[in-house]
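Hi everyone, thanks for coming. Let me put the structure up on the screen, and then we can walk through a few places in it together.

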Amino acid sequence: MTEQTAATEPATSQLAERMITDTIAAMETLNVALGVSLGLYRALAEGVGGRADGGGPADARRFAERAGIHPRYAREWLEQQAVAGILEAGDGDADPYSRIFTLPEAHRAVLLDADSPWYLGTLPGFLASIAGVLPQVAAAFRTGGGVAYEAYGELTRHGIAGMNRPMYRGQLADWLAALPDIRQVLAAGGARVLDLGCGTGVSSIALAEMFPSVRVH
């Protein structure tokens with residue numbers, strides 16, 4: 001080992017370790033994206049479509065039936081989520097399909113409650129959508145062009161909307177209180193509001209609910 005290599009080895013190993021750790025975190029995030037898109041967290045917490053067992057903690061077979069997925073994939077996803085600390089797993093058993101899995105109450109606000117200030121259920125899908133256009137971004141680097149917003153797809157649109165929703169639902173009244181002239185106009189009735197290019201319209205829906213006499217387009 002040369003003197004220069006010996007001097008730089010700590011920084012080299014730190015970066016290598018960081019990249020491995022970040023990759024594991026990214027892969028865990030993609031598993032969360034699967035859980036959201038397939039409705040797996042909701043199936044574990046609440047059940048789906050009036051299933052006979054009604055939701056709640058379940059083993060892999062019962063969970064697979066609720067979620068409409070294959071038991072093998074159900075078991076592997078549940079176990080990975082437990083290792084990642086997102087789900088809780090019961091004690092092991094001779095039959096690994098008999099282990100009971102639970103979604104902790106404290107985690108529901110982050111994964112299931114779209115109006116909670118802690119909600120981030122659409123964030124993993126948003127990350128996946130960014131990864132999906134990397135070839136187009138690489139081409140833009142070479143040509144100096146750009147990547148159209150629509151190329152990012154539904155997961156980007158709904159990812160942004162989902163992360164913004166709690167803010168609009170919970171803080172819009174405070175923002176308008178800081179703008180008394182605008183609030184007065186809206187409260188007087190007959191006002192018209194145009195939503196142009198504002199994503200899925202969460203802010204406009206919140207405004208329409210707050211001021212029923214306002215016409216929101």
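Let's begin with a helix contact: on the α6 side you'll find L123, G125, F126, S129 and I130, and they meet L155, T156, G159, I160 and M163 of α8. By class, this contact has six nonpolar and four polar residues, with no charged ones. As for the geometry, please keep in mind that this is a predicted model. Helix α6, residues 123-132, packs against helix α8, residues 154-177, at an angle of about 145 degrees, and the axes are 8 Å apart. The crossing of α6 past α8 is left-handed.

Now, on to the aromatics. The structure has three aromatic pairs. In one of them, Y41 and W77 sit edge-to-face, 5.1 Å centre to centre with 65 degrees between the planes. Y41 belongs to helix α2 and W77 to helix α4, so this pair ties together parts that are 36 residues apart in sequence.

W77 also pairs with F63, and here the rings are stacked: 5.9 Å between centres and 5 degrees between planes. F63 is in helix α3 and W77 in helix α4, 14 residues apart.

Last stop, S37, which is in helix α1. S37 counts as exposed because its relative accessibility is 53%. Its side chain reaches the backbone oxygen of L34 at 3.2 Å.

Methods
Residues numbered from 1 in each chain as written. Predicted model: local features only at pLDDT ≥ 70, side-chain atom pairs only at ≥ 80, totals over all residues. Heavy atoms only, no water. Axes fitted to C-alpha atoms, helices over the stretch in contact; angles between N-to-C directions. Helix = DSSP H or I, 4+ residues; strand = E, 2+ residues; numbered from the N terminus. Left-handed = near helix turned anticlockwise from the far one by under 90°. Contact = heavy atoms within 4.5 Å. Nonpolar A, V, L, I, M, F, W, Y, C, P; charged D, E, K, R; others polar. Buried < 20%, exposed > 50% of the residue type's maximum accessible area, 1.4 Å probe, protein only. Polar contact = N/O pair within 3.5 Å; in protein donor to acceptor, adjacent residues only side chain to side chain. Phe/Tyr/Trp six-rings, centres within 6.5 Å; stacked < 30°, edge-to-face > 60°.
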